[in-house]
Amino acid sequence: MKKLTFLIQKLNESLCFISTFMTNFFAKYIKRPLPPNNNDPSTRRHSPIAAMMSNIKPTNPITRSGASSKLVTLPNTIGQNPLRNNSKSSSAPSVSQLNLSLLLEVVNSISDNEAKVQYLNVIISQILDYSKNCKPMNESVDLVFELFQTNIFREIPDLDASILYADTKISLSVPNWEQLKLIYQIFILTLKNTPVNNLQKHFTKKFVDNLINLLKTPEPQEVAVIEIIISFIFDHMNSLKTYIFEVFLKNLDRYLFDDCSYNGINSILKFYLALFKNSSPFNSNYIDIYKNYILPLFKKPYLTEYQTSLNNIVVFMETKDPRIGICTIEYILKYWPETDSNKETALLNSMPMILQFIPPSFTKNFAVKLFNTIVNGIKSPNYKVCQAALILCTNSTFLSQFTSSSATIVSIVAMPLKDISKHWNCEAREIAMEAIRTMYTFNNSKMAQMMIGINEEPDNDIAACHKWARIVKMAIKNDDSIIINDVKQKLESFLNTVRV
């Protein structure tokens, strides 16, 4: 028992000595600087990633360049810096006496989030100094990758069904995002300041798998940065080009045939669009990829989450071969959503964009089926669908694609437009009347023939009286005390008020 007490006492003394040593060490070498004067241009520090990535567009993340052993120069522009820190900058310790490797070792061993953020800011400053002095970071690359993999790589589960099927979009957040954002900055700055040859050993297939898994994150800024990193790997690591290509195809295939989350699909579509655009000459095998993996995305229930990127691919493929446009429209009409009003509205709104590069001579094949679908939208009880279908009928540019079938189209849409011109919603009535005028321009003679009597306004008062008479008659059956004359007087008074 005495020995145990003695050992505990010695252990306490050792811990006190270590604590005192560390306190003196940090007091001597680590000092907090005064907050920078943001009004002084000489001390103003720009966002560490803005200058490097300010022109990279997330919709076109891939830029090709030859692999070499020189320092990598990442694209130095981006539409908006996805890692820009909008919060107030906190003062961080100045550690100019300590080298970058030691800082990284300290950060990798710290668990306190606040202290970690302070050290990460210092590391960013150190790396910027390396970049300013054109010094490679060879000695610290291993530690940066350890920092990245330890903190960034994590399992992101698929979204819960309650979120997927929610009536409104639910905003989700990533824990400790401010800390993760700094680590992403450090990682990308390291890629910029390190020769490609010194990075190759770190970019393995396992690393790529973990990186692609992060595309499921609900944080849009994180998705944008991951797209940039994947683009860098694809451009500079030739051994992984085919692997990335195949992994993305597998993810699309899994989404098509399994009921899994749509997260990551938008990024994959951006990747393939950039790949298709940068292929010179155009690879005919991409048409098979489009038909087998990309086109079927139109029938998935979460179309609205990635529709913009999907439409961009459709338009690009049509510029290569207009027959792809016909194939696309026929596929969409085949799997037209009849019970999903959001998806139906989105497809109706996308029609002008999808059809813009299809020659008018090609539209005969699907004109009748398309406008029958539009008429179903006009008759829809859902106002969003009805409005989207009516707006299509007011679009002269869209209708010009069907000039050779104008008579047939007018005969399909004329009567539904006449009926909807009496819609209960005043906005729907206005759009319907605008559509009628547009159809007169589209094919005057056929429209005049179909719309005989369009200016004959019904006697709304008489119609209202008839309806009220039926209501009063039904009410009397249930209540004998109702006096019909009183009801008629009140009805006439009401109608007079409406007329005024």
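Predicted model: local features only at pLDDT ≥ 70, side-chain atom pairs only at ≥ 80, totals over all residues.

**Exercise 1. The whole chain**

Find how many helices and strands the protein chain has, and what share of its residues is buried.

*Solution.* Start with the secondary structure: there are 23 helices and 0 strands in the protein chain. Next, look at burial: of the 500 residues, 45% count as buried. Last, turn to contacts with a separation of 6 or more: 77% of these join residues 24 or more positions apart.

**Exercise 2. A helix and its cover**

Work out which residues of helix H5 (residues 141-151) are buried, and name helices that cover them.

**Exercise 3. Two partners of H12**

Are helix H10 (residues 241-257) and helix H12 (residues 285-294) roughly parallel or roughly antiparallel? Then describe how H12 packs with helix H13 (residues 307-320).

*Solution.* Take H10 first: it packs with H12 at an angle of about 25 degrees, and the axes are 11 Å apart. Angles under 35 degrees count as roughly parallel, so H10 and H12 are roughly parallel to each other. H10 brings Phe 245, Leu 249, Leu 252, Asp 253 and Leu 256 to the contact, while H12 brings Tyr 286, Ile 289, Asn 292 and Tyr 293. Sorted by class, this contact has 7 nonpolar, 1 polar and 1 charged residues.

Now take H13: the angle between H12 and H13 is about 145 degrees, with axes 12 Å apart. Their crossing is left-handed. Tyr 286, Ile 287, Tyr 290 and Ile 294 of H12 meet Leu 310, Ile 313, Val 314 and Met 317 of H13. This contact has 8 nonpolar residues, with no polar and no charged ones.

**Exercise 4. The cysteines**

Find how many disulfides the structure has, and decide whether Cys 393 is buried or exposed.

*Solution.* A search of the whole structure gives 0 disulfides. For Cys 393, the nearest cysteine sulfur belongs to Cys 386 and is 9.9 Å away. A disulfide needs sulfur atoms within 2.5 Å, and Cys 393 is in none. With a relative accessible area of 1%, Cys 393 is buried. Cys 327, at 26%, is partly exposed.

Conventions: Residues numbered from 1 in each chain as written. Heavy atoms only, no water. Axes fitted to C-alpha atoms, helices over the stretch in contact; angles between N-to-C directions. Helix = DSSP H or I, 4+ residues; strand = E, 2+ residues; numbered from the N terminus. Parallel < 35°, antiparallel > 145°, perpendicular 65-115°, else oblique. Contact = heavy atoms within 4.5 Å. Nonpolar A, V, L, I, M, F, W, Y, C, P; charged D, E, K, R; others polar. Buried < 20%, exposed > 50% of the residue type's maximum accessible area, 1.4 Å probe, protein only. Left-handed = near helix turned anticlockwise from the far one by under 90°.
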